[in-house]
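The exercises that follow are meant to be worked with the sequence and the structure side by side. Try each task before reading its solution.

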Amino acid sequence: MNSRRNFLQKLAASVIAFPLLSPEAISSMEYADTKTDDGPPLRVAIMGLGSYGTRVAEAMKDCKRARLTGVVSGTPAKITNWQTKYNIPEKNCYSYETFDTIKDNPEIDVVYVTTPNGLHHDNVIRAAKAGKHVICEKPMALNAKEGQEMVDACKKANVKLLVGYRMHFEPKTLEIIRMRKDGELGKILFFQGLSGFTIGDPTQWRLNKALSGGGSMMDIGIYSINGARYMIGEEPIWVTAEETKTNPQKFKPGVDETIQFQLGFPSGAVASCLSTYNMNNLDRFFLNAEKGFAELQPATGYGPIKGRTNKGELTQPHITHQTVQMDEMAGIILDGKQPVVPVDGEEGVRDLKKIDAIYKSVSTGKRVELR
């Protein structure tokens, strides 16, 4: 914030010195390639100005390394509102028809895709072809095949692809991972992941298979899949799953209401998880090991996260997840920083492979081996 305050003071002085300076020129100066205290900023355009895109934009107000400099939307009124609210220049605003011209804009480094799941594949590939790095909200795609195509497109374009795994930067989560890595918990035996809430409006895109790719598993169940992997520290080798559907009117074919699934790991550890759109009060991770345990509840909500281990309560401070995420991703993209838990496109594909296997197990009633 000090760098921004200093900038505004200099800007005010320049307005006094040059009273004929236009508002457009002032706006352009504010979005110039000024450095922050920690280095050059990551200049971000958000694609999809819905509720989550708004959450990211609000969180970025407190970022040290990331700055909102552009928007992409199919709704002109939203673009106008965001221009005013976040002081975004007209030249950094795009519709889906004009989006490809973003390749000529040096004031945007990365496009953050927060559109519905079914649009991620094409949105990411378009951004990559425009030469922009990409952050894609989870799940990265509708299936592993699509996800791999996105990874390949970004590699071909020589741009980075990251996935919005905000929990990979959350302090209490990282402390449990540290304890596991340092051997403080001993051999990991069991993980439980409960992810769910009661979904509302039956007409929303999350209950539209074409846009969501499924139901609760694609939206909330992925947290338990991802959590099992980073809490246990291994890749599962098999999965079993069963679906329960009590409201077929609301949850149409291909849109899952509740799925119970189990994962088996090479060490012999097992995970038992539940993903649902029909139960509240389900946001809990529990890790059991030979020397102790770790629990997070809530485990993946917007915060604050609460947790404890056999050593006592976890007391790491809460900072808005998306603020931390965007600053850390700036370090990854601009400085080549390596996160404790990966957030790259390959990590997104790993989760999608597990989701594919879970749906296959549901449909066949059989255990599915993972490679």
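A residue counts as buried when its relative accessible area is under 20% and as exposed when that area is over 50%. The model shown here is predicted, and every value below is computed from it.

**Exercise 1. Work out the strand order of the open sheet of six strands, and say which strands stand at its edges.**

Step 1. The strands of this open sheet follow the order 3-2-1-4-5-6, and their pairing is parallel. Strand 3 (93-94) and strand 6 (161-163) each have a single partner strand, so one side of each is left without a neighbour in the sheet, and these two stand at the edges.

Step 2. Now follow strand 4 (residues 110-113), which runs parallel to strand 1 (residues 42-47) and is joined to it by four bridges; in this pairing, alanine 45 stands opposite valine 111. Strand 4 also pairs in the parallel sense with strand 5 (residues 133-136), again over four bridges, and here valine 110 stands opposite histidine 133.

Step 3. Turn to the side chains of strand 4, where Val110 and Tyr112 point one way while Val111 and Val113 point the other way, and all of them are buried.

**Exercise 2. Describe helix 10 by its span and by how many of its residues are buried.**

Step 1. Helix 10 (residues 321-335) has 15 residues, and from its first C-alpha to its last it reaches 21 Å, close to the 21 Å expected at 1.5 Å a residue.

Step 2. Among the buried residues are His321, Met326, Asp327 and Ile333.

**Exercise 3. Count the cavities of 30 Å³ or more, and describe what lines them.**

Step 1. Rolling a probe the size of a water molecule over the atoms shows where empty space is left. A search of the whole structure finds two cavities of 30 Å³ or more.

Step 2. The largest cavity has a volume of about 50 Å³, and its lining includes Lys138, Tyr165, His168 and Tyr230. By class, that lining has five nonpolar, two polar and one charged residues.

Step 3. The second largest cavity holds about 40 Å³ of space, and among the residues lining it are Arg166, Glu170, Pro171 and His321. Its lining has four nonpolar, one polar and two charged residues.

Methods. Residues are numbered from 1 along each chain as its sequence is written. This is a predicted model: local features need pLDDT of at least 70, side-chain atom pairs count only at pLDDT 80 or more; totals for chains, interfaces and linings use all residues. Side-chain values use heavy atoms; hydrogens and water are left out. Two strands pair if DSSP finds at least two bridges between them. On a 1 Å grid over the protein atoms alone, a cavity is a set of points where a 1.4 Å probe fits but cannot get out, and a pocket is an open set with protein on both sides within 12 Å along at least five of seven lines; lining residues have an atom within 4 Å of a point. Grid points are joined across faces, edges and corners, and a volume is the space filled by probe spheres set on the points. Ala, Val, Leu, Ile, Met, Phe, Trp, Tyr, Cys and Pro count as nonpolar, Asp, Glu, Lys and Arg as charged, and the others, Gly among them, as polar. The expected span of a helix is 1.5 Å times one less than its number of residues. Buried means under 20% relative accessible area, exposed over 50%, partly exposed in between (1.4 Å probe, protein chains only).
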